[in-house]
Amino acid sequence: MGLSAQIDSWFTAHRDEIIGWRRHLHANPEVSHHEVETAAFIAQTLRDYGLEPHLFPETGLYVDIGPEDNEKLAFRADIDALRVEEVSNLPFASRVPGVSHSCGHDVHTTICLALACALSTLDLPFGIRIIFQPAEEVMDGGAPDVIKWGGLDGVACIYAVHAEPKIQVGQIGVRTGAITSAADVLRIAVNGPGGHTSRPHLTNDVVYALGSLVTQLPALLSRRVDPRTGTVLVFGQIEAGIAPNAVPKTGRIGGTIRTQDIGTWRSLEPLMEELVADVVAPTGCAHELTYIRGVPPVMNDDVATSALVEAARAVDPHAVIQAPQSSGGEDFSWYLEQVPGSMARLGCWSGTGQKYDLHRGDIDIDERCIDVGVRLFASVVERFGGMQDAQAAALT
């Protein structure tokens, strides 16, 4: 049997155990940078299968399988949960008030954990690294820490999946180039001397300045940035004043700016500094812009994505669909700034009833997607081995 078939056979024999892992993780979520028990559970499970995990300095870990003397194929799972109350009423629902795996990271973790344990039973001719990354859900993500801690050292290529409740189980969404968007945060504080609303001409109107920023900045941005880049600025927070007849001294707004184009992303901060200053200047108010760089778009490498498509079609010839580009952010992008790789959308909708959305407390993921994810990654492993063999043959 080939590698893929051997992993599939192992998975079939251990499926109940694997689903148990997922349900344990789902019931015991931990938020970003606090994934202590999650990391301990993953590490112990790996040790139970004879593997030696390497713990990161804070939370998270990775495990290497196979030879150490060649470049490795890597897979990444994010292990953190969200501060979202679960209302799914599942028998294994979150036991932690106000925290849940409502983004499917428990599924990602289970897939990679199963892959690692399956690979531990095989005699691999090349190296595999499985990364269990903390803190994907916060800016600017845990991926930069993993890179700093050496998580990509010796890695030739990296893959990941993300659960997608808008796609049916069995389908795998792929896309070359940007599959997510960059996501940055803007916070703007506006200040003035304060005053009475009956005499606005004697003060600098903070509320008027805030209103101008909220309405004019998105419009100005649309005239300074190519609309084909999908660049969108939306404010979700505005605070000012406590009395209807008093002009306040201070006010704040906050929002996100997203773009599908990495070149645009690199130019947004100085552009926003210019536009904010231009809008506020006529009001006479002072302002302070805090621009928080988030993550770049996930830019799927064309060769790595082609290999992913071949791997998916080997699992099911009808599995592959074109994934739409998401306006959400994802810190897997930082890995792809360093090495080639690709992220796929893993269908997790049952095919009947409601289609849920990520980051909702009522999301109900069809666990059959774990089967698909493990088989997909097993197929990627087999193809990576084939490429290694071809390269070795070319050198002889």
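Modeller: A word on terms before we start: buried means under 20% relative accessible area, exposed over 50%, and partly exposed in between, with a 1.4 Å probe and protein chains only. This is a predicted model, where local features need pLDDT of at least 70, side-chain atom pairs count only at pLDDT 80 or more, and totals for chains, interfaces and linings use all residues. Residues are numbered from 1 along each chain as its sequence is written, and side-chain values use heavy atoms, leaving out hydrogens and water.

Colleague: Thanks! Why is W265 called buried?

Modeller: Its relative accessible area is 2%, and the cut-off is under 20%, so W265 counts as buried.

Colleague: And what makes W334 buried?

Modeller: W334 has a relative accessible area of 19%, so it too falls under the 20% limit.

Colleague: Why is the pair of W265 and W334 called edge-to-face?

Modeller: Rings of Phe, Tyr and Trp (its six-membered ring) pair if their centres lie within 6.5 Å; planes under 30 degrees apart count as stacked, over 60 as edge-to-face and the rest as tilted. Here the centres are 6.2 Å apart and the planes are at 65°, so W265 and W334 make an edge-to-face pair.

Colleague: How do you know that the charged end of R293 sits over the ring of W265?

Modeller: The rule asks for NZ of Lys or CZ of Arg within 6 Å of the ring centre and within 35 degrees of the ring normal. The charged end of R293 is 3.8 Å from the centre of the W265 ring and is listed as sitting over it. Likewise, the charged end of K355 sits over the ring of W349, 4.6 Å from its centre.
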